[in-house]
Each structure stands twice: as structure tokens, then as C-alpha cells.
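Student: Can we go through this one together? I'd like to start with the surface and then move on to charges.

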Amino acid sequence: MSGELIEVMRLVDALTPDEELHLISHLVEKLRGCEITRKPRRKATEFIGIAPNHLGGMDAQEYITRMRRGEFPELEIEEMESRKLE
């Protein structure tokens, strides 16, 4: 989320309900002329073979089961550190 969006959201929180409705109306009118395109959907089959090197040749289900048991604590540390950066 951009800093500008966060600032706008903070400012919107200070508006009265009537002012919020006017803002919504303005945004709807502005967006009516825009063409919104969706990201193309990907098929799951496109990802076949992507992860074998990351799993060390392990079956994906076995990897998930072992990860849930906590057999890969370094993954939990990396995940926690990446969340701190957000």
C-alpha cells in the first residue's frame, strides 16, 4: 500500500458519514470511465515441476506434513522476519 493511500485512508476516517457518501459518489463517477482489466488466471498445471529443487526431491505432501510438525524451523524464522519487514 502506498503512503499516499494510507494518508487518504487516515483522512477519510475523519470525515462525517455524509462526507464519506459524497466521496464514494465521486469515486464511483470517476471509475465509471475507467476500464478495469483482470489479471489473467493461471492454470495449476503451469506450475508443474517448479518446486522440486526447493523440496529437495521430497513429495509435496510429505514436505507439508513435516513442515507442520516443525521439522523445518529455519522456514518459520524466515517467515517471521519477512512479516517484520512489511
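Student: Which residues make the nonpolar surface patch?
Tutor: This is a predicted model. In it, Met 1, Leu 5, Ile 6, Val 8 and Met 9 make a nonpolar surface patch of about 500 Å².

Student: Where does Met 1 lie?
Tutor: Met 1 lies in the segment before helix 1, which covers 3–13.

Student: And is Met 1 buried or exposed?
Tutor: Met 1 counts as exposed because its relative accessibility is 74%, and the cut-off for exposed is over 50%.

Student: OK, charges now. How many salt bridges are there?
Tutor: The count comes to five salt bridges. One of them joins the side chains of Glu 62 and Arg 66, at 3.9 Å from N to O.

Student: Where do Glu 62 and Arg 66 lie?
Tutor: Both lie in helix 4, residues 60–69. They are four residues apart, about one turn of the helix.

Student: What does Arg 66 meet besides that, on the Glu 71 side?
Tutor: The side chains of Arg 66 and Glu 71 meet in a salt bridge of 2.6 Å, N to O. Glu 71 also has a salt bridge with Arg 69, at 3.2 Å.

Student: Which residues does the network link, then?
Tutor: Salt bridges link Glu 62, Arg 66, Arg 69 and Glu 71 in a network.

Student: How exposed is Arg 69?
Tutor: Arg 69 has a relative accessible area of 59%, so it is exposed. Glu 62 counts as partly exposed at 40%, as does Arg 66 at 25% and Glu 71 at 36%.

Notes. Residues numbered from 1 in each chain as written. Predicted model: local features only at pLDDT ≥ 70, side-chain atom pairs only at ≥ 80, totals over all residues. Heavy atoms only, no water. Patch = residues over 30% accessible without salt bridge, like charges linked within 9 Å, V, L, I, M, F, W, Y side chains within 5 Å. Areas by Shrake-Rupley, 256 points an atom, 1.4 Å probe, with all protein chains shown as cover. Salt bridge = Lys/Arg side-chain N within 4 Å of Asp/Glu carboxyl O. Helix = DSSP H or I, 4+ residues; strand = E, 2+ residues; numbered from the N terminus. Buried < 20%, exposed > 50% of the residue type's maximum accessible area, 1.4 Å probe, protein only.
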